[in-house]
Amino acid sequence: MRRRIVLVTDGDEYAFRTISFLAKEYGGRCISQSQGNPSKLSGSKIVELILQTPHDPVFVMFDDSGFIGEGPGERAMKYVANHRNIDVVGVLAVASNTHHWEWTRVDVSIDAFGELTEYGVDKFGIQEMDIGRINGDTIYCLDQLNVPIIIGIGDIGKMGGKDDIKLGSPITKKAIDIIFERSGFNEQHGYFR
């Protein structure tokens with residue numbers, strides 16, 4: 001059975017707490033062992049953990065901690081995304097103020113005010129000048145993946161307090177809702193919010 005997953009290009013403590021919290025709201029799971037800055041698990045180990053989870057959707061975090069080029073998080077992400085038993089429904093591409101200027105295209109971004117924009121955003125969720133792209137640490141390989149939607153987003157769980165878990169992490173939640181709406185995941189699983 002193919003498992004439906006959301007890739008998250010961040011693995012710090014804020015992202016982990018936020019994604020774990022929201023995964024429960026959607027009746028899914030976050031692979032807790034995928035958390036880390038940088039990622040420590042291999043792609044094959046992550047797939048093994050995904051296939052053991054009882055419910056879709058499964059949220060999986062990847063982090064390169066600023067590694068230049070293709071780091072361990074990106075290698076693991078490519079392996080997971082291309083696995084025959086995995087169906088990636090979307091990607092949360094997290095912006096960072098990387099000094100290495102790695103970037104990826106995004107289909108849409110969501111800013112710190114919950115507004116959709118064609119422009120990229122920075123780690124604070126503030127719109128940038130580039131249309132359809134963001135800078136980040138663990139996004140180097142996203143253009144090589146065949147995924148239905150990539151959403152650019154600021155630092156999950158932060159964004160100047162606007163995505164705080166105490167508020168229900170509304171920015172990240174809206175991005176996930178868009179992924180599920182665009183991918184048809186809601187209808188396939190009878191999931192409506």
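In this predicted model, seven strands make up an open sheet, arranged in the order β2-β3-β1-β4-β11-β6-β7 with mixed pairing. At its edges lie β2 (29-30) and β7 (116-117), each of which pairs on one side only. Strand β3, residues 58-61, runs parallel to β2, and the two are joined over two bridges. Within that pairing, C30 is opposite F59 of β3.

Which helix packs on the sheet? It is α4, which touches β1 (3-8), β3, β4 (86-94), β6 (108-110), β7 and β11 (150-153). The direction of α4 makes about 145° with that of β4.

Helix α4 covers residues 170-183, and at 1.5 Å a residue its 14 residues should span 20 Å; the end C-alpha atoms are 20 Å apart, so the expectation and the model agree. Its buried residues are I171, T172, K173, A175, I176, I178, I179 and F180. After α4 comes G184, with a positive phi near 80°.

I turn now to the aromatic rings. The count of aromatic pairs is three. In one of them, the ring centres of Y26 and F180 are 5.2 Å apart and the planes stand at 85°, so this pair is edge-to-face. It connects distant parts of the chain, 154 residues apart: Y26 belongs to the loop between α1 (13-25) and β2, and F180 to helix α4. Both Y26 and F180 are buried. Ring pairs also bring F59 into a cluster with Y26 and F180.

Finally, two charges sit over rings. The charged end of R17 lies over the ring of Y14, 5.1 Å from its centre, and that of R133 lies over the ring of W103, 3.9 Å from its centre.

Definitions and conventions:
Residues numbered from 1 in each chain as written. Predicted model: local features only at pLDDT ≥ 70, side-chain atom pairs only at ≥ 80, totals over all residues. Heavy atoms only, no water. Helix = DSSP H or I, 4+ residues; strand = E, 2+ residues; numbered from the N terminus. Expected span 1.5 Å × (residues − 1). Buried < 20%, exposed > 50% of the residue type's maximum accessible area, 1.4 Å probe, protein only. Pairing = 2+ DSSP bridges. Contact = heavy atoms within 4.5 Å. Axes fitted to C-alpha atoms, helices over the stretch in contact; angles between N-to-C directions. Phe/Tyr/Trp six-rings, centres within 6.5 Å; stacked < 30°, edge-to-face > 60°. Lys NZ or Arg CZ within 6 Å of the ring centre and 35° of its normal.
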